Each structure stands twice: as C-alpha cells, then as structure tokens.
Amino acid sequence: MNLSRFTIDLSTAADPNPVLAFRVIRFALAAALLLTLAACGKSRPRADLVFINGAEPESIDPHVVTDQVGMRIASALFEGLCRIDEAGKPQPGMAERWEMTPDRKTYTFHLRPNTKWSDGAPLTTQDFLYSWKRVLTPEFGADYAGQLYVIKNARAYHEGTLKDFAQVGVTALDDRTLRVELENPTPYFIDLCAFTAFYPVPQRIIEEHGTAWIKPGSLIGNGSYTLEDWLLDDRIVLRRNEGYWDAANVPMKSIEILPISEPNTAINYFLTGQADLIMDKGMVPTSLTVKLKQQSYFHTGPFLGSYFTRFNVNRAPFDNPKIRLAFSLAIDRKRVTEKITQLGERNAFSLTPPGAGQNYQPPPGPEFDPERARKLLAEAGYPGGKGFPRVEYLYFPKPVERNIAVELQAMWQEHLGVSVDLAKQEWKIYLASMKEKNYHLCRSSWVGDYNDPGTFLEMFLSSSGNNRTGFANASYDALIAAAAREADLNQRNVLFQQAEKLLVTDEAVIIPIYHYVGVQFFHADRLTGVQANLIDDHPFRCMRWK
C-alpha cells in the first residue's frame, strides 16, 4: 500500500479551539495510521530524517536543475568550491581557502587535501574545468549557464563566438590550485561558488552512463550524502557520505525524501510522525492557515522570493504590451495575500524584493488601477473585453495554486470583461510547458540564488535559459550588462532600477503578485539546524536531533 495515497481531509477541522482541534486530528490520524501499517505488513527501517519535498524532482543533475525541489537534493549530493551554512551564508567547501587580487577580479582557490568523489577517487581542479566547460557548452543547454558569465570570456564561449575553452578565465595551476579570472569585480562571486551550476560532476561516470549517470548505483558525488535509492513518485533515500571531508559533522546518517504535492497529505504525515520536516510554502492548506500559524511547530521568516505571473510575449494577444499592462493593472494583490495565502506576505509591485543586495529599492510598479486597465485594453482594440480571444492561465495542482488562479481569473473577468481558462498540469509537464513557451500566461515564482538584485533581473536577459517568456530586449540587456561592470554600488542599483522598470512597467513582461515568506514545519525543541534565511536554503548536513 502506498501511504502517499492515504489522506485525511484536514479542512473538516473547524473547531474554534485550535489545541482541541489538533488533539482530535492527531488521535484520528494515529488510529488510521495503525490500521494502514497493519495492512501494509512489516515496514522498512525509518530514516534518521524524513523530509517532504513538494514534488518529484525534474532532475538531480546539478547542471540541469532549475527548481528548488531538485536543488535541495543536488546540493546534498554535490558540493562546490564553497557551500551554504544554515544561515544561508557561503563558507569554504571543496576549497579550504582563497585569495583575491586588489582589483577583485582574480581569485585563487586552494582545494582541501582530502577532496574526493564518493567512490574514493581523487577530486582535482581538472574536475572543475570539465564541469564548468560542460555548463558553458552551447549544445548542453544549461538554463543556468548565464551564472558563469561573470568569468572572463565565459559568455563568448557559451554563445559560440569563442571556440577555445582555454581562453575562458579558469585555469588549473595544479591539481589543488584553481585560478578564476572575472570580467568585472563581482561582489557575490563567492555566493555563486556555492551554487549548483558551479558544482563539479564526475566526467568518467557521465561518459560511461550518459544521461543515466544520475541513477542509484551509477551516481558518484562529492557532497555530504550519496544516493541510495530513488523510486519515482515514492521516495528518494540519501545515505551519509562517509568519505566526505566533513563527515564527522554530518549528524543524520540517512534521509528519506517524499515527493508529496498534496498539502493535506503532507500535514497528515507530519502530524502522525511519519515525517519530520516540511519546507514548502505551498504545503499550507488554505483552510487551516490561521490555525497552523498558532502552532509551535509552524515557523516563518522573510526571504528573497517572489510570486508572479509570466506572459508569453510571442503569443497573441500578449504580444501587445498594452494588453499585458492592462492585465497587471487589473490585479488587486490584497485579494490574494489577505484572502488566500494569509502568511503575512508583502504585496509585490516589483520582481525584486525591496532591500536585496546592498539595500536595493525597486522602482514603483503597476498598482491596482482597473479604470486605466480598461482604457489600455480598449486602446488595444478590445473595449470592455469585446472580441478578446480565449486564453489560458497555466498552473500546477496544489490547492493554493488553484485558489490563486481562480482569484486572478475572477479579477480579469470583473475588471476587464475577459474570459481566462485555467489549465492545470503536473509539475514536470508544467516546467516543460514554460520552457517550451507552450502557454499564454502562467503561474511563476523565483527564489534568489544569492543575495543580489541580479539573481532576479538577469533571469530575463535575452540569453537566459530561465527567461521562458520570449522577451528579448537590447536595452534591457545593455542595462544589466552595465550594472555588471559598475563598481559603484549606488550607480549599480540605479541601473538595476532602470532595467526593472522596463521589465515590469514599460514592457509588462510579468505581473508581480507578492513577495514570499518562508515556511517550515518542524519541532524546534527536537530538531535543530533549520534556520530561516534570505535564500531559503536549508542544508540537510546542518540538521541534527537534540
């Protein structure tokens, strides 16, 4: 029996006393769990930590993953020159130390003397050269290749105008010493060195197994955990890598990761002790938000993440920026944050959360203005919505996503007189539809990979694999490039502001809805090492039981 199919509807828990209500829920769930386990026969040994991931990962290849559910696993299996601690800050990883030249453009990294792959083979600087070349090879198609553009000549190599990788600014001085030359001073470069696109991957394993190299029995990593098992739509099991350089400080020997996307099921698992940790905002059943916020195991904190709607600017009628802006002006964000999400999110009028990086403050974006929205729609040839073609809003199947979709649909009908159909797709199909631009407009979100406005705004460069809108604007690209070259932080922020205004207001490529707060379910009196941080990154190796 697959326990992920066993669900108790918590939405019936309407008792005004939250303590009493949850005692009743726990009793009912515990009884049901005993019956379920009896029916299933002898259960497998429980992992040290059972974690509920929000979906089945699209991939765990660190150079392929673009979603948080996959990155969580990839960052346990692999490690870059640097790694993230529980506070979300970069610290030495495969590199024990580094030096930077006075102009802040050249770094020299020194690998630890005991760096090795999980099968015991030595890990050297040549592995980083192979891996970074893999990401930048145009045929590979890495969506995050643009993250490496800070390296000298990396962009030219990725775009094919430079054929010789030896001219890219990364050099193995010897097996333990790696020199990296940057195009410009990059204040967040050390943060990037802890990001998945910068991780080393094993050349010999990839060449032997091809795309199947990430399967159990084949995958070789260098992170704090190894891949023991992967049963699709059931579980992923990680085992502590005893050869990891810092294995003595990795408390959890085994981790079981469950790809549960249904919030009620996830909460059932947590309340009955079948799971220890949930870290997804979408796992809060909207009918129980108020009660859950009162519980000691419910934790929140602000972080660099935004929820927004993406337009396919190449597909009519959204090839017209007036129509896109009209759709944006028709959204009353308070109806989403106060009626549906209810977690204290800030209404968003920008893609970048205020305060990112060195106190970046985004420019004012389109606010709720239905009268102006109707005027723009009429100017585009659809007065009162008459003659407007049927379009689809794409989302994936979680209750909160459907509730937001229905609310947006209602506002566009109410304020513009247009009908928007709702199209629901499973996570992997939804990601593929976005990547292939097979949609009109869709639900989107972005969590900062590092604390800087660039992690949000570089996403919409013409060359970015994460753009997924069809938006290609030379002025926007030039502003982002100028910001990358700018050493003065204030002027750099001004350039980012100009680019963001062009993206959100002038071209209205996206509709910002709200800025996230992080959500974690865990018992803090028992589990430590889970700490709210700006990039919402929570390494398994930091977690321990008291």
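Start by selecting Glu458 in this predicted model, and then show the residues around it: leaving out those up to four places away in sequence, Glu458 touches Gln147, Tyr188, Tyr450, Ser464 and Ile480. Glu458 itself sits in the loop that runs between helix H15 (454–457) and helix H16 (474–485). Which side chain of opposite charge is nearest to Glu458? That side chain is Arg492, 5.7 Å away, and Glu458, although buried, has no salt bridge; the cut-off for such a bridge is a nitrogen-to-oxygen distance within 4 Å.

Next, select Ala356, which is found in helix H11 (residues 356–359). Ala356 is buried, its relative accessible area being 0%, and, with its neighbours within four places in sequence set aside, it is in contact with Leu304, Asn451 and Pro453.

The buried residues are Val69, Gly70, Met71, Arg72, Ile73, Ala74, Ala76 and Leu77. To see what surrounds them, show strand S1 (49–53), strand S8 (225–231), strand S9 (235–240), strand S10 (254–259) and helix H14 (427–435), against which the buried residues of H2 pack.

Now select two helices together, H10 (residues 333–341) and H13 (residues 399–416), whose axes come within 10 Å and cross at roughly 145°. The crossing in which H10 passes H13 is right-handed. On the H10 side, the contact is made by Arg335, Val336, Lys339, Ile340 and Thr341, and on the H13 side by Val400, Asn403, Ile404, Glu407, Ala410, Met411, Glu414 and His415. Sorted by class, this contact of H10 with H13 has six nonpolar, three polar and four charged residues. If you keep Arg335, Lys339, Glu407 and Glu414 on display, you will find them linked in a network of salt bridges.

Begin with Arg204 and Asp119, whose side chains meet in a salt bridge at 2.9 Å, N to O. Arg204 lies in helix H6 (residues 203–209), while Asp119 lies in the loop between strand S5 (106–111) and helix H3 (125–136), so this pair ties together parts that are 85 residues apart in sequence. Arg204 is partly exposed at a relative accessible area of 38%, and Asp119 is also counted as partly exposed, at 40%.

Select Arg97 and Glu99 after that, and you will see their side chains meeting in a salt bridge of 2.9 Å, N to O. Arg97 is partly exposed with a relative accessible area of 44%, and Glu99 counts as partly exposed at 36%.

Finish with Arg240 and Glu242, which form a salt bridge with their closest N and O atoms 3.0 Å apart. Is Arg240 buried or exposed? Arg240 is buried, with a relative accessible area of 16%, whereas Glu242 counts as exposed at 54% relative accessibility.

Key
Residues are numbered from 1 along each chain as its sequence is written. This is a predicted model: local features need pLDDT of at least 70, side-chain atom pairs count only at pLDDT 80 or more; totals for chains, interfaces and linings use all residues. Side-chain values use heavy atoms; hydrogens and water are left out. Helices (H or I, at least four residues) and strands (E, at least two) are DSSP runs, numbered from the N terminus. Buried means under 20% relative accessible area, exposed over 50%, partly exposed in between (1.4 Å probe, protein chains only). Lys and Arg count as positive and Asp and Glu as negative; His and the chain ends are not counted. Contact means heavy atoms within 4.5 Å. Axes are lines fitted to C-alpha atoms, for helices over the stretch in contact, and angles run from 0 to 180 degrees between N-to-C directions. A crossing is left-handed if the near helix is turned anticlockwise from the far one by less than a right angle, and right-handed if clockwise. Ala, Val, Leu, Ile, Met, Phe, Trp, Tyr, Cys and Pro count as nonpolar, Asp, Glu, Lys and Arg as charged, and the others, Gly among them, as polar.
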